[in-house]
Amino acid sequence: MSTEWEIAVVGGGVAGLTAARVAAEAGRRVIAYDRLSPGGQLVNLTTLHDYPEPGGSAEPWALISELVARAEAAGVTMSFDEVTRVHAGAPARLETSGGEVTAGAVVIATGLTNGRLGLPGEEALVGRGLSTCAGCDGPLYRGKAVAVVGDDEWTAEEALELAELASSVTVLVPGTPRWSPERDQRLTAADRVEVLTGAMVTGLRADGVLQGVTVRTGDGERELPVQGVFPYVGRSGPVGLVDGLPADAEKRLLTEDGVRTAVPTVFVAGDARAGAAQTLLSVVADGAAAGQAAVAALRPAGGGPAGGGLRIVDPTFGVLPDDADVEVRAGGTADWTQVALFTNSKPNATELLRGVGERLQAHWDLRDLGFASKDNASAAADKDTIDWLSQNYKMVVVAVGD
Amino acid sequence: MAPLLVTSTFLPLVEAQAKARRVSPRLIVVPHPVGGLNEGELAAKIETAAAELLTLADEARGAE
């Protein structure tokens, strides 16, 4: 794969894929990076709200497919290397897990990190009572008490989704809610939802798994016995990813004019941008603006294409890589007696997989089956586990989806 | 080889990711959802998916 690009987009969510597509449609050689999978936050949503128009709703999967298909049709190259650092310059240098690459312009569209409460012992409870994905982990809390922490539209939607499953949902709002009157009405009407404003989570009680949270309100502190807590506060932007770019208190990158930053060849789109409206429609607009701005940044000051009217066209532009470029990690010396199961840990996925695996075990008279799983449903699979499976098993049956 | 058990709702996402990664996984599509089903409901889905997997697995082994 090339290491020299006209435009590099860091992040494969809605903003990133839109920026990449717009730039590629303008004839630029574009690479889009996402260390996990295309789709960004959409991957963890059950329903899209206020899309394709305000008040509307849609399933995220179709949109992700469309975004990827349109980007690829425009000639965008997708990479799943992780971009760890961007050094501004002409060209910019990007440090990635696959080596260093250069780009004439860079669009930062990483989105925000998952929510966190900022409390000791929190990370150890991820997947053991702490989650940031109602769509992924909600069924694990069927009939149990949960708390949702936050103040925005996303918080409200996640609480409403959990209310379909949990025995009770306590929404802990650190200040006052910022969600819309329409969502406020739905929360009020929901049977099992209680909203506490001015509520701070000050402690986590756990014994291997979460058993409760300590909540401070104007009336003092109290224990809330919940088996699950879903924080949508403490999300932060990609400060430090790009040399010298200032950020706001939430570590989102500051821009000077729309998507432009203090660095002429670096642009920011989507939730990573300070002040961005966190709606799908605004993110699409942001991505398009960033893609156009990145293309414009490559043009010389007098306008027209780079190179004084002569443009060198890469003859491989838009051509799919040959097989040699496709990353394949075939297993070592395993034979057909070595079969394993790998579950994504979503509700009932493991049970489905084991049931299917038992049938195969009996059919092939296998002595046993290997087994591995993701730590939790909303996290990426561990690379070492994937490598171990590929090296030790001839076939691995994988559960994806739920 | 790594056959994927995927529920129908997630199929477009899996196909998009596979396309982006330039791979063509062997897919066994199970009607969505799986989460929240009781034992009997899940058993029916296991039966259907297992039948597909056995065929696919036999073919793959026989092709070598």
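**View 1. A salt bridge joins the side chains of Arg359(A) and Glu47(B)**. In this predicted model, the nitrogen and oxygen of the pair lie 2.8 Å apart, where a salt bridge is a side-chain nitrogen of Lys or Arg within 4 Å of a carboxyl oxygen of Asp or Glu. Across the interface of chain B and chain A, the rule finds 1 salt bridge. There are also 10 residue pairs in polar contact between the two chains, both residues being at pLDDT 80 or more; a polar contact is a pair of N or O atoms within 3.5 Å, of which, within protein, one must be able to donate a hydrogen and the other to accept it, and residues adjacent in sequence count only if both atoms are side-chain atoms.

**View 2. The side of chain B that touches chain A draws on β1, α1 and α2 of chain B**. These elements, β1 (4–7), α1 (11–20) and α2 (39–62), each give two or more residues to that side, and α2(B) gives the most, with 12 residues. Helices (H or I, at least four residues) and strands (E, at least two) are DSSP runs, numbered from the N terminus.

**View 3. The contact takes 39 residues from chain B and 40 residues from chain A**. Contact here means heavy atoms within 4.5 Å. The area buried between the chains is about 3,700 Å², of which carbon and sulfur atoms give 66%; buried area is the accessible area (1.4 Å probe) that two parts lose on being put together, summed over both. In chain B, Leu5(B), Arg22(B) and Arg61(B) lose the most area to chain A, together 19% of what that side buries.

**View 4. Strand β19 of chain A pairs with β1(B) in the parallel sense**. Within it, Ala399(A) stands opposite Leu5(B).

**View 5. Four strands of chain A form an open sheet with parallel pairing**. The order is β11-β10-β9-β15, and the edge strands, β11 (193–197) and β15 (228–231), each pair on one side only. Strand β9 (residues 145–149) pairs with β15(A) over 4 bridges, and the bridge partner of Ala147(A) in β15(A) is Val229(A).

**Notes on the model.** Residues are numbered from 1 along each chain as its sequence is written, while chains are lettered from A and ligands numbered from 1 in the order in which they are written. In this predicted model, local features need pLDDT of at least 70, side-chain atom pairs count only at pLDDT 80 or more, and totals for chains, interfaces and linings use all residues, while side-chain values use heavy atoms, with hydrogens and water left out.

Methods. Pairing = 2+ DSSP bridges.
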